[in-house]
Amino acid sequence: MALARSTMPSPIGELTLIASDSGLVAVLWENDNPARVRLEATEDAHDHPVITAAKAQLGDYFAGKREVFDLPLDFRGTDFQKSVWAQLLAIPFGETRSYGQIASALGNPGGSRAVGAANGRNPISIIAPCHRVVGANGTLTGFAGGLEAKAFLLRLEGPRTLL
């Protein structure tokens with residue numbers, strides 16, 4: 001069965017939401033590189049329950065009414081990528097982490113570049129908050145949605161704290 005797909009407007013451009021029967025598979029950017037997140041066939045399904053819930057929760061997030069998402073997620077990637085994405089989910093709203101901090105949390109303090117590569121392939125943008133990952137000195141670094149979108153999301157969430 002094909003994955004369900006729908007789009008929604010946001011303050012940072014149109015987002016494409018992809019869901020399976022198990023959960024949200026992807027939140028993709030308007031100009032996302034198709035090679036960044038490889039998915040099987042999708043079909044329009046604006047009434048899919050996971051997509052409907054994701055749209056509502058993302059709307060609340062952009063309106064400043066939500067700090068934590070409560071959606072079933074269906075991550076698709078390697079075990080290492082999934083371990084990095086799990087670390088993203090643990091970064092609290094309004095805080096940031098460096099690639100090195102995530103690598104250390106995974107038991108591989110020298111693995112910053114591998115963490116960066118996995119972070120760049122995060123399929124569930126915003127909800128698995130890859131925008132909360134910054135350079136070791138706190139600078140904004142690469143982001144699939146663009147650095148303007150990353151800066152917008154961090155401003156939306158308030159003060160940045162590098163721990």
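In helix H4 the buried residues are Val115, Ala118 and Asn119, where buried means under 20% relative accessible area, exposed over 50% and partly exposed in between (1.4 Å probe, protein chains only). Because their arc around the axis covers only 100°, they lie on the same side of H4; the arc is that of the directions from the helix axis to the C-beta atoms. The structure is a predicted model in which local features need pLDDT of at least 70 and side-chain atom pairs count only at pLDDT 80 or more, while totals for chains, interfaces and linings use all residues. Residues are numbered from 1 along each chain as its sequence is written, and side-chain values use heavy atoms, with hydrogens and water left out. Helices (H or I, at least four residues) and strands (E, at least two) are DSSP runs, numbered from the N terminus.

- Asn119 is placed in helix H4, which spans residues 112-120.
- Asn119 counts as buried because its relative accessibility is 6%.
- Not counting residues up to four places away in sequence, Asn119 touches Val84, Trp85, Leu88, Tyr99, Cys130 and Val133.
- Ile126 belongs to the loop between H4 and E6, and its relative accessibility of 1% is why Ile126 counts as buried.
- The phi of Ile126 is near 70°, a positive value in a residue other than glycine.
- Most residues other than glycine have a negative phi.

**Helix H5**

- Helix H5 (residues 147-157) has as its buried residues Ala149, Lys150, Ala151, Leu153, Leu154 and Glu157.
- Among the elements that cover these buried residues are helix H1 (49-62), helix H3 (99-105) and strand E6 (133-134).
- Ala149 lies in H5 and counts as buried because its relative accessibility is 5%.
- Leaving aside neighbours within four places in sequence, Ala149 is in contact with Ile12, Trp29 and Phe143.
- Ala149 and Gly138 are 11 residues apart along the chain, and their C-alpha atoms are separated by 16 Å.

**Strand pairing around E1**

- Strands E1 (residues 3-8) and E4 (residues 42-44) pair in the parallel sense over three bridges; two strands pair if DSSP finds at least two bridges between them.
- E1 and strand E2 (residues 15-19) run antiparallel and are joined by five bridges.
- Met8 stands opposite Leu15 in E2.
- The hairpin of E1 and E2 has six residues between the strands, and in this hairpin Gly13 takes a positive phi near 110°.

**Largest pocket**

- The largest pocket has a volume of about 170 Å³. A pocket is an open set of points on a 1 Å grid over the protein atoms alone, where a 1.4 Å probe fits, with protein on both sides within 12 Å along at least five of seven lines. The volume is the space filled by probe spheres set on the points, which are joined across faces, edges and corners.
- Its lining comprises 13 residues, of which Glu67, Val68, Phe69, Leu89 and Ile127 lie nearest the centre of the pocket; lining residues have an atom within 4 Å of a point.
- The lining divides into 11 nonpolar, no polar and two charged residues. Ala, Val, Leu, Ile, Met, Phe, Trp, Tyr, Cys and Pro count as nonpolar, Asp, Glu, Lys and Arg as charged, and the others, Gly among them, as polar.

Note on methods. Contact = heavy atoms within 4.5 Å.
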